[in-house]
Amino acid sequence: GGASKNGILVKGGNYLEALNDVEIVVFDKTGTLTKGIFKVTEIKPENNISEDELIEYAAFAENYSNHPIATSILRAYGREIATDKVKNHEEISGHGVIATVDGKKVMAGNIKLMKMMDIPYFNGELIGTAVHVAVNNKYIGYIVIADEVKEDSAQAIKELKAANIKQTVMLTGDNKSVGSKVAKELGLDKVYAELLPADKVEKLEELFSQKSNKGKLAFVGDGINDAPVLARADIGIAMGGLGSDAAIEAADIVIMTDEPSKIATAMKISKKTLKIAHQNIVFAIGIKIIVLILSAFGIATMWAAIFADVGVTIIAV
């Protein structure tokens with residue numbers, strides 16, 4: 001109840017108890033530590049293609065995707081898309097999209113997609129997420145998209161470290177420069193970048209070996225790709241506002257306000273709840289033992305027995 005008032009939905013008392021033993025907290029980046037609201041910051045066409053043509057091809061290819069990056073490209077394009085021109089749309093998890101637009105094969109995605117299709121691409125240092133675009137296997141340029149860090153993300157990491165969390169880790173599908181920039185800004189201990197959804201589960205398995213036997217590992221995510229990792233972690237924590245239904249379903253704890261700082265709040269509530277529970281157990285059993293000893297010597301009355309039973313329960317509650 002106390003957690004619910006703070007916008008934290010806990011799906012069972014066992015998860016609230018387990019929060020007390022968390023040693024490693026692993027975060028997804030997009031939509032968890034960052035707002036997940038992407039904005040196109042740069043359009044770089046190549047091979048005699050205009051900026052308008054580049055963003056148009058990307059928008060048509062990304063039209064059926066619900067990924068935040070796709071949404072930002074459609075927002076930047078700003079015009080209505082004739083859906084009858086788009087055919088054979090295929091979304092490749094962790095890579096990008098391939099679609100037939102006006103009879104041309106359009107590929108829009110990260111460097112993994114370009115490598116997979118054996119297309120030479122721009123490979124310079126970029127601050128932001130780059131969407132590379134190719135038409136009929138010919139590279140036509142890239143679009144840079146930036147995501148904004150949530151206001152309370154740095155505070156969340158600070159509070160977790162103050163709560164004696166041994167490791168804070170970030171997993172992201174973004175490139176290393178973006179991942180490292182966000183990790184440095186927030187003060188995270190480790191960052192693993194350029195990961196596919198399946199790679200995240202592998203990294204989680206690695207991190208499991210770094211905790212003690214009694215220690216727990218918590219994963220915080222929001223997207224549909226995070227559902228397997230949320231299910232695998234000792235405690236899965238989902239962002240409830242921005243998060244997908246699959247992530248919320250797979251999670252053990254849901255942060256309804258999408259604030260990462262609420263994780264530390266949940267841990268404080270867990271510690272306080274356990275402290276009160278232990279106090280109540282010691283108090284209840286202690287009183288019963290005293291009354292049992294007194295009754296053995298014939299000192300305790302019926303009223304003492306009623307107090308030891310019902311009275312102690314009422315006081316504990």
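Student: What makes the contact of Lys-203 and Glu-206 a salt bridge?

Tutor: In this predicted model, where local features need pLDDT of at least 70, side-chain atom pairs count only at pLDDT 80 or more, and totals for chains, interfaces and linings use all residues, the side chains of Lys-203 and Glu-206 meet at 3.6 Å, N to O. A salt bridge is defined as a side-chain nitrogen of Lys or Arg within 4 Å of a carboxyl oxygen of Asp or Glu, so the pair Lys-203 and Glu-206 qualifies at 3.6 Å. Both residues lie in helix H9, three residues apart, about one turn of the helix; helices here are DSSP runs of H or I with at least four residues, strands are runs of E with at least two, and both are numbered from the N terminus. Residues are numbered from 1 along each chain as its sequence is written, and side-chain values use heavy atoms, with hydrogens and water left out.

Student: Why is Glu-206 called partly exposed?

Tutor: The relative accessible area of Glu-206 is 39%, and the term buried is kept for values under 20%, exposed for values over 50%, and partly exposed for those in between, with a 1.4 Å probe and protein chains only. Glu-206 at 39% therefore falls in the middle class.

Student: How do you know that Glu-205 and Arg-232 tie together parts that are apart in sequence?

Tutor: The side chains of Glu-205 and Arg-232 meet in a salt bridge at 2.6 Å, N to O. Glu-205 lies in helix H9 and Arg-232 in helix H10, so the pair joins parts that are 27 residues apart in sequence. Glu-205 is partly exposed at 37%, and Arg-232, at 34%, also counts as partly exposed.

Student: What makes Asp-226 and Lys-200 buried?

Tutor: Asp-226 has a relative accessible area of 1% and Lys-200 one of 7%, so each is called buried. Their side chains meet in a salt bridge at 3.4 Å, N to O. Because Asp-226 lies in the loop between strand E11 (216–221) and helix H10 (227–232), and Lys-200 in helix H9 (residues 197–208), this pair ties together parts that are 26 residues apart in sequence. Asp-28, Lys-200 and Asp-226 are linked in a network of salt bridges, and a search of the whole structure finds twelve salt bridges.

Student: Why is Met-107 called buried?

Tutor: Met-107, found in strand E6 (residues 104–109), has a relative accessible area of 0% and is therefore buried. Met-107 and Val-135 are 28 residues apart in sequence, yet 6.4 Å apart in space, C-alpha to C-alpha.

Student: How do you know that strands E4 and E5 pair?

Tutor: Two strands pair if DSSP finds at least two bridges between them; strand E4 (residues 86–92) and strand E5 (residues 96–101) have five bridges, in the antiparallel sense, and so are counted as paired. Lys-87 stands opposite Thr-100 in E5. The hairpin of E4 and E5 has three residues between the strands, and in this hairpin Gly-94 takes a positive phi near 75 degrees.

Student: Which helix holds Ile-289, and why is Ile-289 called partly exposed?

Tutor: Ile-289 lies in helix H12 (residues 262–296). The relative accessible area of Ile-289 is 43%, so this residue is partly exposed.
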